[in-house]
Every structure is written in C-alpha cells, then in structure tokens.
Amino acid sequence: MTDPYLYPAFLGPYGENDALLEKLLVEFMRDHVYWRRNVHPDDPPPIPTRAAQQPEFLAFEARMRRELHALSAALKRSVPFHSPRYLGHMVSDLLLPGLAAQMLALPYNPNNVSAEAAPVTIDLEIQVGLQLARMLGFASDPADVACAFGHLTSGGTIANLQALRLARALKSFPVALRQIAPPGLDLPEDDRSAFRLTPRQSIALLDEWLRWLGTRDATERSMWQRRLVGERIEQLGEARFFARHPTLEPAPVLAPVTAHYSWAKGLKLLGMGRDQLRLLPTRGMRLDMRACERELADLERQGKSPLLAVAVLGSTEFGTIDPLDELLALRDAATGRGCGFAVHVDAAWGGYLATVLREEDGTIRPRGDVSKEYARFPGERTYAALSALAGVDSVTVDPHKLGYLAYGVGAFVCHDQRAMALLAESADYVFDHQVDDDYFSRFRQLGRYIPEGSKPGAAAAAAYVTHQVMPLDHRHFGRLVRQTILATEAFVDRAQRFIGEVAGQARVCIPYPPESNLVCLAINPVGNRDLRQANRWLRTFLEPLRMTRGSTVQAHAFFTSSTTLRSDLLGRDALLGILDTLGIDACSIRDDDADADRLLILRHTLMNPFLLDDENGISYIDRYFEYLRERLQTLILGERASSPD
Ligand SMILES: *Cc1c(COP(=O)(O)O)cnc(C)c1O
C-alpha cells in the first residue's frame, strides 16, 4: 500500500491535492506582487489603471487567452506521466514541494550563472550540491578543505560531460606542471607516470602547487601561473598537447555497453573522439569485471591508464547496477602499481536509491536493517555497490528522474571541491583559491566552473526545497524510493503468476532479475520459433501501450516502453538462454538484420507511488497484467481467425 507520508507529496493521480497547490500558488503569487510593489513603493505604476479598459489591451488579452486555450487543449494530448497507468519511461508525477518552489521562484527569474544575477538561488544550488554529496556519502561540510562540490546542469548528459572535462583536467594537470617544473616541488619522474595519477593524487599535487605559489611574490606568481596555463591541455588542445608529450596518447574511457549514449556525445564534443570510448561487455547486464580487469591489464602493459572508468548505477534501459565496489578494488590495486585512474558513477537514474541506505545521521544502514523492509531488495551485490559510492571521484545524479522534479535538473557532484579550480574559466583561479578561501564565495561565481552559462535559479530552488522537505535519508525521501521498490517486487511476483496463466498462449520471462525499480518482460507467442517474427508480433502487441501523435490519452489503458536485448549487451550465451526460454530458435538470429539480431522486450519503470492503491483496493499492477492477458488473447484469437487454415 502507499505510505501515507506520501499523500501530501504530489498533486496526485486524481488531482487530489488541488486545493493545497492552488493555495500555495495564490499565496506566493500575491507575495511576489507585494514584493514588486515594495521595491520602491512610491514609484507610481507606469501601466495606467485605465489601460485594462482600452480596446488594444482587450484585443491583446483576447489573443493571449485564445493562444493559451489552444495550448492548454493541445497539452491534453500529453503523456499522463502522473497516472499509475503510466509504466513507461523514467518519469512520474512531480513532487509538490519542488513544483511549488519552482513556480514560486519563476517570476523572480534568478540566473544561477553567478551571485550577481541570483543572490539567493545560487546559494541554494551550492546547498543542493552538499545535500546530494551527503546522500552519496561524500564529505559535505564546507569547512572541510576536501569537502565535495556539486552543481546543477540541464540534465545527466551535461553532468557526464562535466565528468569528462574534470577527469581530463586532473589527468593532464600533473603533466603540464612537470613541464614547467617549479623548483622544490615533488613531481612525478616522467610524463607517463604523471599521466597515471588518480584524481586524489592529482588534487594533492594541485594543492602543493598552490601552496608553493603562495610563497612567491605577486610578479613571480603570475609568471608561473602563465607558464602553467600555457602547458595545459585546455590551452593547447589535444593535438598540440600530445605532440609536446610524445610518450603519451589520449586515454580511453571505459564503460559498460549498457552506458548511456551521452558518453559518446561527450567525447565527440570535447574533441577526444568517439574511439576513446571502450565499451566493455556485461554479465547479467552488469559490467563484466573480468573483462574490465583484462582491459586495465592491457593498458597497464603499455604503460597507460584510462582517463575514466564509468560504472552505471541504474542503467537507462535495464535498471541494472554495476559492481562499483569491485571496480574500486581494481582501482586501488592499480593505484598501488602506479596506474591510477578516475572512477565516475553515472547514477543519473539510480542516484536517489542511495537514500534507502542512508541513516539520518549520514551513516550507512546495515544490509539486514534495510532488507527487513523488502521481500528481496537489496541484493548483496546491489547493497555492496550502493554502499561503495563514497569511494568514487564523481557522480552524475538526475533530480529530474528519480528526484521527481520537472525537467531541466541534472547534477554533477565531485568528491573534492579543490579539483574544480582546474575547470575555472580565466587564469587567475589560483588567486581566488589563495585569497578567497571561503567555499560559498568561490562557487558563487558558478558560471566559471560549469559547461553552461545562464541557467535557471528556479530549478535550484525546486531541488533545494524538495531536499529540505524530504531529506535524502531512509526516513524521508527514502520512503518514496522504497515505494517504487515495493511496487517492483509486487510486479515481479505478479509476473511470475502471469507466466503460468498464459503458458497456453505465450512464453514469457523476466530476462534478468531487476535490481531496483525497472523491470523488463519478454514475450513470444506459443508456436513461434523465429526471432524476427517474435519482434514483429511484439511490436503489434505494443501498439496500444504507447502514445502516438494524435492519439488521445483515454484511448490507452496503460503506457509502457520497450527496449531491445542484443548479444553485445548481455553476451551471446545469455541471449541464447533467453531465446531458449521463449522457444525461439538460435538459428533465427541474423547478425546483419536489425530486426532479427536483437530481441524486442517490454520495459517498465515503476516510479509511481500509487501503483498499489489500498485505499480503493486496486492494484494497477494486477490490472496491468489482466490487460496484458486480454491483449494476448485478442491478438492470438485475431491471428487464428485470420490465418488461412
Ligand atoms: C538519463 C540518463 C542519462 C542522460 O541524462 P539526461 O538527463 O537525459 O541528459 C545519462 N546516464 C544515464 C544512466 C541515464 O539514465
């Protein structure tokens, strides 16, 4: 059943909390107007009071109303993300605190590029970074020099880009520093070893360099700074940097094949080249650690280390979680051999899962305590990965996914704020670091550190207020996440029964056990042994389950999404195993045919907290499976009726 804690948290599937939202909106809209009037209350109103009676005004208003009505009518064809009948992509209803905060902040129009344009919301953005850092287990006290730092982006794509930028800056900085060789600094002995430091080692070197600079007089200091800037990869560009260091080559990014395509975009955008992305195989849709170890050993034999190893926490298509703990163990061993690298976690989807493991005091809950609240979650591997988060270098989290905020809010969090100095636009960053050592005042110049420029302060307000109302621990925000995992467990149980119920008509399986709140389902009608045929059949099966342009919301009983299983994603053997369960012949796989080299499957994201509606004795999960059963029957009977024999 739905946790009553969540009743006031959403507008609700039926708009149940309409009065609450309306009250808040009217209250804060008025409050905004009073604020306008009170900026200089004796300034008279430039829009005359009588203006509202003039024909031009009325015509403008009429035209505006007409267009707004048209928009409002058109928007009725939107996908009903808020409905418990929506089981498709990574989106659901919006959290009320965030929605209200965003609408409240919008007319003030703060621009979080810098404090000058956003004196209030820029601090809220820095606070959101700290809130997320705490959720992840990073140091989150700004008084601590090694405190984490996080900022918002338009989404996970740009957060991942920022991770690449930072990893490249940290990896190449020691090489640049070696080139100018400030006397008395303890520098790596050659370019290759300088290019194999971990971010932590590189940050220590950066710290040492800044302290050394602090001992020089102003003229000498700026001379040394200029020399360093002139050697940095960000100044020279990849081609000239590597030409200057002939023993070095661009370092690859290691990521599982399940990684989001934003990684390819990022590498192209930064001019590093798509070829630098080494996609590693998976086992059960999780990064295959043996393959990862082989790749690392291979690089090590050539005296290299990767730029970044990416672990995905909640893969976009499958919801699976990479063995982050094992990746960190590999990194530590490699670091010991002088072959360090950065570890980034792409938790755009799964970041907020960490809330269910987090105590209010910030510590990690023992697995036994967590598992008491679930039938199966968290699996041993899931728990190990989630509780290892604190050991990574940076993380991407999307508040506009499992944070239930409106689109336009992703986040990048790095474990040690000192690293950000390397991303600062303009060469005088070191001065700030020395002179202005206050955490907040440094990052109030946010635009200097982030890929974007002008950005919505209202989004930061939404994230901040949400995390204040629902702190990111298991007693607050975690209760929402818990609801989604319980729904997933109920979904899996119901799916098992469904598999038996429809055995006469179709073979159905859950291709791999879900680790969080995303479940896939493979279906093949009994008697069909051909992969292409299975895909065609499922495509028809899916038609009423997705919104198309021009279709009305009411015409759909449920909404779901789909994805495909390819052998390069989960391994040939695993794919063959699934095809076998479905009764599909392995020989019908055609590697040269995009319709027969992969298996189309249903994909369900179970984010809606009202899937199990005890209040009315309705389980939308049960109803969904009943719907699937009817659909199956209609399709199969239809086929029999239309078949020639
Ligand atoms: C969604 C997602 C992204 C991209 O995030 P956007 O917010 O869509 O830009 C990146 N990585 C993963 C794992 C994701 O799920």
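Helices α11 (residues 289-301) and α12 (residues 324-336) pack against each other at an angle of about 20 degrees, their axes lying 11 Å apart. Helices here are DSSP runs of H or I with at least four residues, numbered from the N terminus; axes are lines fitted to C-alpha atoms over the stretch in contact, with angles from 0 to 180 degrees between N-to-C directions. The angle therefore makes α11 roughly parallel to α12, a label given to angles under 35 degrees. Their crossing is right-handed, meaning that the near helix is turned clockwise from the far one by less than a right angle. On the α11 side, the contact (heavy atoms within 4.5 Å) is made by Met289, Cys292, Glu293, Leu296 and Glu300, and on the α12 side by Glu326, Leu327, Leu330 and Ala334. Six of these residues are nonpolar, none is polar and three are charged.

The model is predicted; local features need pLDDT of at least 70, side-chain atom pairs count only at pLDDT 80 or more, and totals for chains, interfaces and linings use all residues. Residues are numbered from 1 along each chain as its sequence is written, and side-chain values use heavy atoms, leaving out hydrogens and water.

Mean pLDDT (the predictor's confidence in each residue, from 0 to 100) is 95 for the chain, with 98% of residues reaching 70 or more. Over residues 427-435, pLDDT stays under 50.

Salt bridges (a side-chain nitrogen of Lys or Arg within 4 Å of a carboxyl oxygen of Asp or Glu) number 39. In one, Glu380 pairs with Arg367, with the closest N and O atoms 4.0 Å apart. Because Glu380 lies in helix α14 (residues 380-386) and Arg367 in helix α13 (residues 367-371), the pair ties together parts 13 residues apart in sequence.

Key
Helix = DSSP H or I, 4+ residues; strand = E, 2+ residues; numbered from the N terminus. Parallel < 35°, antiparallel > 145°, perpendicular 65-115°, else oblique. Nonpolar A, V, L, I, M, F, W, Y, C, P; charged D, E, K, R; others polar.
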